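User: Hi, I have a structure open and would like to go through a few parts of it with you. Could you help me read it step by step?

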Amino acid sequence: MNLLFTKMLQARGSEYLTLNQQGQIISVSPGAARFGDIPEQVVVGEDITRGFPELLGLEDVLIAICAGDLPDFSLTAIARISADQVALYFDIYLFADPEVKQPVDQLICLLEDVTERRALEQSLVQNSNETNLLVNQLRISKNYIDQILASMADVLIVTNPLGQIKTVNQAAIDLFGYTEAELINQSIFLLVKDAQIIKGKPSKCQTKTNKMLVISFSCSTLETMSEVEPNLIYVGRNITELQRQQQRQELQYAIAEILTTTNTLNQAIPKVLAAICHNLEWDLGALWMPEVTTDEQLEIKLVNTWCKENSAQDHQTQCSEIGISYSQRLVEEVWVSGCPDWVIDIENDPRFFFKSFVDQSHLQSAFSIPIIGSAVDDDLIRETYELEVDDEFIYSKQVTLGVMVFFSYKIHPLDVDQLKIMGAIGYQIGQYINRKQAELALHNQQEKTNKLLLNILPVSIAARLKEDETTIAETFDDVTILFADLVGFTQLSAEISATALVELLNQVFSEFDRLTEFYKLEKIKTIGDCYMVVGGLPQRREDHALAIANIALDMLGVINNFNARHPHRPLSLRIGINTGTVIAGVIGLRKFIYDLWGDTVNTASRMESQGLPDKIQVTEATYAHLHEHYHLSKRGTVAIKGKGEMVTYFLEAKKS
Amino acid sequence: MVSISKKMCLIGDFGVGKTSLIRRFVDGQFSDKYLSTVGVKISRKNVTVVGQDAVSSDLQLLIWDLEGHTKFKVIAPSYLQGSKGALVVADVSRPETLERIIEHLDLFFSVSPQGCVIIALNKIDLIEPEKAIKILEDSKNIYHDQVLSIYNTSAKTGEEVDRMFEELSKNMS
Ligand SMILES: Nc1nc2c(ncn2[C@@H]2O[C@H](COP(=O)(O)OP(=O)(O)OP(=O)(O)O)[C@@H](O)[C@H]2O)c(=O)[nH]1
Ligand SMILES: [Mg+2]
């Protein structure tokens, strides 16, 4: 090799080897060996690939260079890492000796130390690559987080400290109906309609289509490096449905409670309307019920209204009340069809045709529910009571008993569930009305029955009968019985008209009734022109015979007075009295008649029939009770049918 | 003393695990630390391969660990000169490295048209097994007629690393 060239290489600090075409080392510069993979192998005569394995496989290249086909060949930045991890970088540069004409059999292999440059490059590359990998990692984890957020069922909203939305997830987009672009940088209060969100309580929220939702949010802060104040993360769960269900259950409980604790429909209705308005968030409620008009037509009339209290809206409330009366068209439709109805937008509903109503009332939505119940009338109730007719038969006919209508100042989109619940409540109220009707009818019926009973039975017996003592038959040992008969009445009946006769009898017997009441005796019955009264029954009393004696004398007085007033038609009375034991009781299931039985009764009757006009005939038994206080005259013995001879007396007057 | 030496190169994007695969194969070690390779570093490993004729022969592998392809620097073709085989390495957790496999294949075949190549889909420990299988299937559909085979590997766990190197050694002639 040219000396000049050699010197030049030395001056640059480059090391070199010379090789022949087969790769055998011909000469080595003093420092060349340190570049070798195995330095000891870098000696003259050795194959170059032993020391520099990088040249393995490059046989063709060496030949091509020697042949002048290839000017040179280089391998740059070959690294040798020492045992103590120190890196040496060098370039290999292969070319033919420029001094010698090709083809030649000698190549120069230049070795240049580039450690410094490559080490610098290494740290640059390292940096760049690491950053690159990091960015990639970040992207993966961001994707990952994005995926989590996207697949989250819960709503996620991130806002800056001012409440401007910075991030929303898919669930939020789906739920609220806005696009991501519509939400970003908007205030969170576009979605959330109350400040509860800050307290982490269930918050009212509104979708793009004005649907109200209840969302339970949890709020936490998100510290970021770039912003001074932390962002806020809201994770929300849509509990609208849950809350709605709870509310509805509460409503049903509330209604049930109202209906069981109030006695009349009028008391119940305002409470029911209020409960429904509160719970379902309506502002006005009204009940309409059919009424029979003067010309016997059924017409639906406003019965009761309820308004949400709000003094600031006085005017509005007033208008709304007018408004409720304008809802007749809707109410009538529901009444006739028996089906609920929902009006989302009153303004555009033909049934609210009064423009002024819409303008003044500001009402937006309405819904109406029929109250369905059975067609019950008094007759059926009575039959049920007495005959126990199969319930189903009576209650099978369903009719609309009334119509409820509710209004709101807000738009309420159609809520099928709410209609269902309200339908059920309509039935509940219908049943309540039926029950109250039945109770009333029953009450009226009982009232009637009571009056009837009192007319024909002693009060105490009537009471016992009502208390359902089915058999009442009692023995009374000591009673006095009186029979009074209008003598010749049968004869009279041929002379005057039947009505005049009844009128006459009525007059006489009414006087007798007054006397019975006065002496606290018990009238048993009248049989034609015969009046029967008893003393010592049903309340036992010692002076039964005396009381009967008094009434007997007074009865004669009544007839005397009567004759004095009507001299043209004189009446006379025949009275018979007996004292003894009787059985008293009620016979018959349908008609309650209190009556007396026993020999004593028959004898008393005989005393009357065997007596004389204007005379009071008594038996010995009665005589025994009376003779101390009354004047009596012995009649003698009288033949009594079925009894034989009996001693009887005439009662004359009270001893003075 | 082994007389036959053979050169193979590992090529692929930066950071896909070329150095790590070599380290796993040669030293049986792995490190999480990343030291990007600049230039080239050769490792040797003696292996015994059993050929089709059932005759086993000893072989010295010269394994070239090349610097990775980056946006700023492409792999110098001169490194590939005289290489009978190559491992094209990609990182299954970075889709862009998979997309660049084709470029590396083209580069290698342009220098060494008769060379044989195996694709290593590395770092499969980082992804779900189902996803790894899918990537392997997709890659096979694309490259099956250009390459010897395709492996899902992990320098970290050592999965398939030895088998892959052995297969390549056996097929380099
Ligand atoms: N989890 C895991 N990490 C790996 C695997 N292989 C390599 N790595 C890591 O990936 C990073 C890059 O690995 P290297 O082997 O240096 O990659 P390279 O392809 O040589 O990179 P360059 O030299 O820059 O081209 C290192 O942090 C390794 O620890 C693997 O199979 N699984
Ligand atoms: Mg490397």
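User: Which residue in β10(A) does A:Thr159 stand opposite?
Analyst: This is a predicted model, and in it A:Thr159 stands opposite A:Leu232 of β10(A). The two strands involved, β6(A) and β10(A), run antiparallel and are joined by five bridges.

User: How many bridges join β6(A) to β7(A)?
Analyst: Three bridges join β6(A) to β7(A), which covers residues 165-168 of chain A, and these strands run antiparallel. In this pairing, A:Val158 is placed opposite A:Thr167 of β7(A).

User: And what lies between those two strands in the hairpin?
Analyst: Five residues separate β6(A) from β7(A) in the hairpin, and A:Gly163 in the turn has a positive phi of about 90 degrees.

User: Are the faces of β6(A) covered or uncovered?
Analyst: Both faces are covered, with A:Val155, A:Ile157 and A:Thr159 buried on one side, and A:Leu156 and A:Val158 buried on the other. In other words, five of the five residues in this strand, 155-159, are buried.

User: Switching to the magnesium ion, which residues coordinate it?
Analyst: The magnesium ion, ligand 2, is coordinated by the OG1 atoms of B:Thr19 and B:Thr37, at 1.8 to 2.1 Å. These two residues are 18 residues apart in the chain, since B:Thr19 belongs to helix α1 of chain B while B:Thr37 sits in the loop between α1 and β2.

User: Is B:Thr37 buried or exposed?
Analyst: B:Thr37 has a relative accessible area of 18%, so it counts as buried, the cut-off for that being under 20%. B:Thr19, on the other hand, is partly exposed because its relative accessibility is 33%.

User: OK, now ligand 1: where does it lie?
Analyst: Ligand 1 lies between chains A and B. There are 24 residues around it, and those that come nearest are B:Gly15, B:Lys18, B:Ser20, B:Ser31 and B:Tyr34.

User: What lies 2.7 Å from an oxygen atom of ligand 1?
Analyst: A polar side-chain atom of B:Lys18 is at that distance from an oxygen atom of the ligand, and an N or O atom in the side chain of B:Thr19 is also 2.7 Å from an oxygen atom of ligand 1. From the backbone, an N or O atom of B:Gly68 lies 3.1 Å from an oxygen atom of ligand 1. The protein covers 95% of the 640 Å² of accessible area that ligand 1 has on its own.

User: What kinds of residues make up its shell?
Analyst: The shell around ligand 1 divides into six nonpolar, 11 polar and seven charged residues, and its largest share, three residues, comes from α1(B).

Terms used: Residues are numbered from 1 along each chain as its sequence is written. Chains are lettered from A and ligands numbered from 1 in the order in which they are written. This is a predicted model: local features need pLDDT of at least 70, side-chain atom pairs count only at pLDDT 80 or more; totals for chains, interfaces and linings use all residues. Side-chain values use heavy atoms; hydrogens and water are left out. Buried means under 20% relative accessible area, exposed over 50%, partly exposed in between (1.4 Å probe, protein chains only). Helices (H or I, at least four residues) and strands (E, at least two) are DSSP runs, numbered from the N terminus. Two strands pair if DSSP finds at least two bridges between them. Donors are N, O and S atoms within 2.8 Å of the metal (3.2 Å for Na, K and Ca); water is not among the atoms, so sites may look incomplete. A residue is near a molecule or strand if one of its heavy atoms lies within 4 Å of it. A polar contact is a pair of N or O atoms within 3.5 Å; within protein, one must be able to donate a hydrogen and the other to accept it, and residues adjacent in sequence count only if both atoms are side-chain atoms. Accessible areas come from the Shrake-Rupley method with a 1.4 Å probe; for residues, only the protein chains shown count as cover. Ala, Val, Leu, Ile, Met, Phe, Trp, Tyr, Cys and Pro count as nonpolar, Asp, Glu, Lys and Arg as charged, and the others, Gly among them, as polar.
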